[in-house]
There are 4 protein chains.
Amino acid sequence: SKFEYVRLFETEDRCLPNSWIVVRVDGKGFHKFSTEHDYEKPNDLRALSLMNNAAMSVMEEFKDICLAYGQSDEYSFVFRKETQVYSRRSAKLSTNVCSLFTSAFVYYWSEHFPTSKPLYPPVFDGRTVLYPSNQNIRDYLSWRQADCHINNLYNTTFWALILKAGLTPVEAEQKLKGTLSGDKNEILFSQFSINYNKEPEMLRKGTILVRRKVPIALPDGGTREKSQIVQQHTDIIGDEFWNENNHLLTIS
Amino acid sequence: SKFEYVRLFETEDRCLPNSWIVVRVDGKGFHKFSTEHDYEKPNDLRALSLMNNAAMSVMEEFKDICLAYGQSDEYSFVFRKETQVYSRRSAKLSTNVCSLFTSAFVYYWSEHFPTSKPLYPPVFDGRTVLYPSNQNIRDYLSWRQADCHINNLYNTTFWALILKAGLTPVEAEQKLKGTLSGDKNEILFSQFSINYNKEPEMLRKGTILVRRKVPIALPDGGTREKSQIVQQHTDIIGDEFWNENNHLLTIS
Amino acid sequence: SKFEYVRLFETEDRCLPNSWIVVRVDGKGFHKFSTEHDYEKPNDLRALSLMNNAAMSVMEEFKDICLAYGQSDEYSFVFRKETQVYSRRSAKLSTNVCSLFTSAFVYYWSEHFPTSKPLYPPVFDGRTVLYPSNQNIRDYLSWRQADCHINNLYNTTFWALILKAGLTPVEAEQKLKGTLSGDKNEILFSQFSINYNKEPEMLRKGTILVRRKVPIALPDGGTREKSQIVQQHTDIIGDEFWNENNHLLTIS
Amino acid sequence: SKFEYVRLFETEDRCLPNSWIVVRVDGKGFHKFSTEHDYEKPNDLRALSLMNNAAMSVMEEFKDICLAYGQSDEYSFVFRKETQVYSRRSAKLSTNVCSLFTSAFVYYWSEHFPTSKPLYPPVFDGRTVLYPSNQNIRDYLSWRQADCHINNLYNTTFWALILKAGLTPVEAEQKLKGTLSGDKNEILFSQFSINYNKEPEMLRKGTILVRRKVPIALPDGGTREKSQIVQQHTDIIGDEFWNENNHLLTIS
Ligand SMILES: Nc1nc2c(ncn2[C@H]2C[C@H](O)[C@@H](COP(=O)(O)OP(=O)(O)OP(=O)(O)O)O2)c(=O)[nH]1
Ligand SMILES: Nc1nc2c(ncn2[C@H]2C[C@H](O)[C@@H](COP(=O)(O)OP(=O)(O)OP(=O)(O)O)O2)c(=O)[nH]1
Ligand SMILES: Nc1nc2c(ncn2[C@H]2C[C@H](O)[C@@H](COP(=O)(O)OP(=O)(O)OP(=O)(O)O)O2)c(=O)[nH]1
Ligand SMILES: Nc1nc2c(ncn2[C@H]2C[C@H](O)[C@@H](COP(=O)(O)OP(=O)(O)OP(=O)(O)O)O2)c(=O)[nH]1
Ligand SMILES: O=P(O)(O)OP(=O)(O)OP(=O)(O)O
Ligand SMILES: O=P(O)(O)OP(=O)(O)OP(=O)(O)O
Ligand SMILES: O=P(O)(O)OP(=O)(O)OP(=O)(O)O
Ligand SMILES: O=P(O)(O)OP(=O)(O)OP(=O)(O)O
Ligand SMILES: [Mg+2]
Ligand SMILES: [Mg+2]
Ligand SMILES: [Mg+2]
Ligand SMILES: [Mg+2]
Ligand SMILES: [Mg+2]
Ligand SMILES: [Mg+2]
Ligand SMILES: [Mg+2]
Ligand SMILES: [Mg+2]
Ligand SMILES: [Mg+2]
Ligand SMILES: [Mg+2]
Ligand SMILES: [Mg+2]
Ligand SMILES: [Mg+2]
């Protein structure tokens, strides 16, 4: 029709080739959402397992995602450098990942929360970011895991002071102002007998999703390999993880 | 931390000022999704009302959306030219709208479909497109409504031939090959006594959402004005709609 | 060859359709360049006529430039909204205009400056900017002409204080600090008997280049119309210019 | 002023960090320009040395260009990955490089061509392209050098057939249609006793500009190191050049 010219106003937004593509989603206003849904403080295991569940759905759909990392109300999806999915169109990638993540979050809600439904539809924003080198993508993931550590150490101490020592939020904030990591570890240990390093790894490190080849038993007694998505809660800042998973950073 | 430099790899994507911003969402693989969920053919009123419900949620959240238009598995949201929401960041707009639309679609599913849940999480893609002039944005909406008309006339005839005349899909396709609008109207009328122009407007025209000031009765007997989102299924290609809604195209 | 894949790393950069495209060039380090080439202060007529000459060359080459505006070391070229030159590719437009402007500036240097050559190759940067509406493009040009006025009034007064009243640059700057337009007009008039409004229009208003149809005498005694580029130094902030040139803002 | 808002219509165009930035300039319509200025066929040494001269000017100005490569009417400038010049703004880089190249080309024309002036101002377009990895930037340069080789072998044979064997251009074209490199080498050798591999390296390989530390004799008899731009005409497709210049691909 004579109206079709309007199609030409769409812009091309293909990502630079040979670069890591990260799509990160982050919950919109989850400070309020977590409060309204009585998330446990500082960490709600139901909320985290729902996040992981939603992320698994995304990774099952997009085979070119080689690794995902999640913590708090956010998840990062790393597409392999060479992916041609959606011709690397930036908006297609961010909206499809973000929509599927959101959809699965609502869809699987009741499997993680006893209440049958959230109070209103939860929302996640999404963005596409490019990283040219292996060092850059590692630093990106380190950035998110370091963020997880800092926030979790703070939140753990903050809520211990409130829930166990009876401080008000204002008093707890005051007490933690200007403290370093060591100070918080010390407060936790001396005041609450909590050895922070013994806290569950999922809370301290976040969740890493990667694909593993696992052997599947065949009826005839043999086995075959199958790719499966597994969850880990290990350190991804140091070299160990990358040495063990060196296929991730080499061209496939 | 020393990893924070990776933040700088994000790119600015602000939309050109003083242009209409459209965010269009479209169901991913809804040919398959509609079949698997037994959508009625050619149109499923439950599906359309669910789409409208999800769109209402988006419009309630984003006050700067002045009009939305939906048909089939898609919805277009028109932000007013001057909007500063998310500083006009393109990815923020498309992902937030797309995520909320998807979330509401799953959230309100059971209110429209007897089955309690979809078989899997449905997905919508999203995109941001700019239109500089009033004529351009009108032509954009005309493009979508003309698309609605063409598809609906085709589908109505196609499914009448199959469901009422017993043709196979291949035979129906064959019969419609090369036909013009007039031919399809004729087939509908002569073979099935269907006057296409009497078909429900929602199917022929799609759904327009706009805000209306409605009077609200006050306890003291007076009234006050309140803005409310209303659904219409009128023509938006001709001038009449735009004359009646001339506030839409003038700066607010 | 097997290296050709690198071509795919180039990005599409087409300008939004139906928008005014402005390419502005600006001399690089012309504070230094003007000093080293003994530009007269505050305005050097040779420099300005060379700028105009270079701009004429650009406008002769690109027929879709409907108006150009120049002042100081800068020139803005306005392409008509519908232009398809270089498929509206942003970098093609800015680099071609910028290169031709620079080339002509060096090429025609000796016609304007007695010295046969500049001391080193002069450089201009370039940029492409989009304006959706007629009001926006008028405001853009008003911005540049207002800038011309403000700078020229300041410079005229500044250099009168130095060259005619014997102040040092520091003293002149001090004297003008915080003054309004009226104050500068007053200084010029009372101290130097200069009526600023009688200063040459080219200096106060800058230079506008537009195309005019002019009658050409034919050998047979008849006439035909020919398009020619003319220079004006009139106000383009008010309505008069735009009323007289209303073809500029209507679709051609 | 109230017009300043138009500044906001400019878009950010910063290049992705940690990527090689190439600015390539290419003569506009040099098929015509070379003919009109009687460039010798197939290669004009004056033209090539003028190109090299212009490129040297660019490289002297932009210290972050670590390598430049030129052939025919084009030159590519490679900025080091970490450059922060103009905050990596794409249009700033392409227009400044392109303008300076053009300016120097006109400026130094008379030093290379006996005629004092070109017939009209020559123009070069410019573009910015990003390459994430060392392999990509090497492949980019290999692409340009392979292009040089293919064109030069073709042109050398083509013009030998015309200038030495008296063929018309159409006949020469016909004769070369479908020939491989080996065929052209054979024609050159058997018909014109030209050993293509003995042709000047500048014509076969193009020109590479790199910086070299050279010892400068000091008055006191000692020496100090100074960086200087040198021209080479070697192969840059194989590893040898990169082994000898391994500082180029390592972070500086
Ligand atoms: N209590 C509790 N809160 C959580 C948990 N996971 C995330 N949250 C909350 C803590 C933070 O207030 C919020 C995430 O921080 P953000 O920086 O993403 O802020 P928020 O989502 O409110 O705003 P945004 O829309 O992202 O700008 O979610 C949890 O397991 N338990
Ligand atoms: N039966 C039925 N089908 C519908 C209805 N609404 C939409 N659909 C189907 C018809 C089309 O096959 C499909 C929409 O067409 P699209 O061009 O968006 O294709 P699809 O979503 O399959 O692929 P895509 O992922 O968008 O490229 O949805 C409905 O009310 N009833
Ligand atoms: N004396 C004199 N100076 C002029 C004339 N036209 C322009 N200029 C000088 C005055 C300013 O210092 C300079 C233009 O100002 P800009 O803001 O463009 O600064 P400049 O080119 O130095 O730096 P840039 O590379 O553009 O950031 O050129 C003239 O006719 N006479
Ligand atoms: N005779 C002669 N011609 C040359 C020499 N160097 C370059 N040229 C000519 C040969 C080609 O026709 C032309 C360069 O080819 P291009 O693909 O850049 O085409 P052209 O510049 O005509 O068009 P463009 O504006 O770049 O699309 O310049 C030379 O040394 N001698
Ligand atoms: O935490 P982020 O990455 O979402 O960063 P932010 O400070 O929330 O900024 P924005 O979401 O506006 O990019
Ligand atoms: O119908 P649209 O607008 O989604 O157009 P398309 O042909 O599906 O293309 P794409 O979704 O790839 O932009
Ligand atoms: O005067 P302009 O438009 O060049 O503005 P600027 O302040 O010089 O900024 P830039 O040239 O860096 O865009
Ligand atoms: O040879 P190039 O790189 O200039 O490629 P082209 O085919 O001339 O294309 P364009 O200059 O239009 O990008
Ligand atoms: Mg955020
Ligand atoms: Mg959040
Ligand atoms: Mg968050
Ligand atoms: Mg589509
Ligand atoms: Mg669809
Ligand atoms: Mg659709
Ligand atoms: Mg500037
Ligand atoms: Mg300047
Ligand atoms: Mg200037
Ligand atoms: Mg080209
Ligand atoms: Mg060329
Ligand atoms: Mg060329």
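User: How far is a polar side-chain atom of Arg89(A) from an oxygen atom of ligand 6?

Analyst: The distance is 2.9 Å. This is a predicted model, where local features need pLDDT of at least 70 and side-chain atom pairs count only at pLDDT 80 or more, while totals for chains, interfaces and linings use all residues; side-chain values use heavy atoms, with hydrogens and water left out. Residues are numbered from 1 along each chain as its sequence is written, and chains are lettered from A and ligands numbered from 1 in the order in which they are written.

User: What counts as a polar contact here?

Analyst: A polar contact is a pair of N or O atoms within 3.5 Å; within protein, one must be able to donate a hydrogen and the other to accept it, and residues adjacent in sequence count only if both atoms are side-chain atoms.

User: Which residues surround ligand 6?

Analyst: Arg7(A), Arg89(A), Lys92(A), Arg24(B) and Arg127(B) surround ligand 6, and the ligand lies between chains A and B. A residue is near a molecule or strand if one of its heavy atoms lies within 4 Å of it.

User: How far from ligand 6 is an N or O atom in the side chain of Lys92(A)?

Analyst: For Lys92(A), an N or O side-chain atom is 2.7 Å from an oxygen atom of ligand 6. For Arg7(A), the distance from such an atom to an oxygen atom of the ligand is 3.0 Å. On its own, ligand 6 has 340 Å² of accessible area, and the protein covers 57% of that. Accessible areas come from the Shrake-Rupley method with a 1.4 Å probe; for residues, only the protein chains shown count as cover.

User: How does the shell around ligand 6 divide by class?

Analyst: The shell around ligand 6 holds five charged residues, no polar and no nonpolar. Asp, Glu, Lys and Arg count as charged; Ala, Val, Leu, Ile, Met, Phe, Trp, Tyr, Cys and Pro as nonpolar; the others, Gly among them, as polar.

User: Ligand 5 next. What surrounds it?

Analyst: Ligand 5 is surrounded by Arg24(A), Arg127(A), Arg7(B), Arg89(B) and Lys92(B). It lies between chains A and B. A polar side-chain atom of Arg24(A) is 2.6 Å from an oxygen atom of ligand 5, and one of Arg127(A) is 2.7 Å from an oxygen atom of the ligand. The protein covers 57% of the 340 Å² of accessible area that ligand 5 has on its own.

User: And why is the site of ligand 7 shared between chains?

Analyst: Residues from chains C and D surround ligand 7, so the site is shared. They are Arg24(C), Arg127(C), Arg7(D), Arg89(D) and Lys92(D). By class, the shell around ligand 7 has five charged residues, with no polar and no nonpolar ones.

User: Switching to metals. What coordinates the magnesium ion (ligand 19)?

Analyst: Asp26(D) (OD), Gly27(D) (O) and Asp73(D) (OD) coordinate the magnesium ion (ligand 19), at 2.1 Å. Donors are N, O and S atoms within 2.8 Å of the metal (3.2 Å for Na, K and Ca); water is not among the atoms, so sites may look incomplete.

User: What is the geometry of the site of ligand 19?

Analyst: The site of the magnesium ion (ligand 19) is octahedral, with angles of 79 to 178° among its six donor atoms. Gly27(D) lies in strand β1 (residues 20-27) of chain D and Asp73(D) in the loop between β2 (65-71) and β3 (74-79), so the pair ties together parts that are 46 residues apart in sequence. Four donors count as tetrahedral if all angles lie between 85 and 135 degrees; four count as square planar and six as octahedral if opposite donors are over 155 degrees apart and all others between 65 and 115; anything else is irregular. Helices (H or I, at least four residues) and strands (E, at least two) are DSSP runs, numbered from the N terminus.

User: Are Gly27(D) and Asp73(D) buried or exposed?

Analyst: Gly27(D) and Asp73(D) are both buried. Buried means under 20% relative accessible area, exposed over 50%, partly exposed in between (1.4 Å probe, protein chains only).

User: In chain B, how far apart are the magnesium ion (ligand 14) and the magnesium ion (ligand 13)?

Analyst: The magnesium ion (ligand 14) and the magnesium ion (ligand 13) are 3.5 Å apart, and Asp26(B) coordinates both. Asp26(B) is partly exposed, with a relative accessible area of 22%, whereas Asp73(B) counts as buried at 14% relative accessibility.

User: Last one: how many helices and strands in chain A?

Analyst: Chain A has nine helices and six strands. Of its 252 residues, 53% count as buried.
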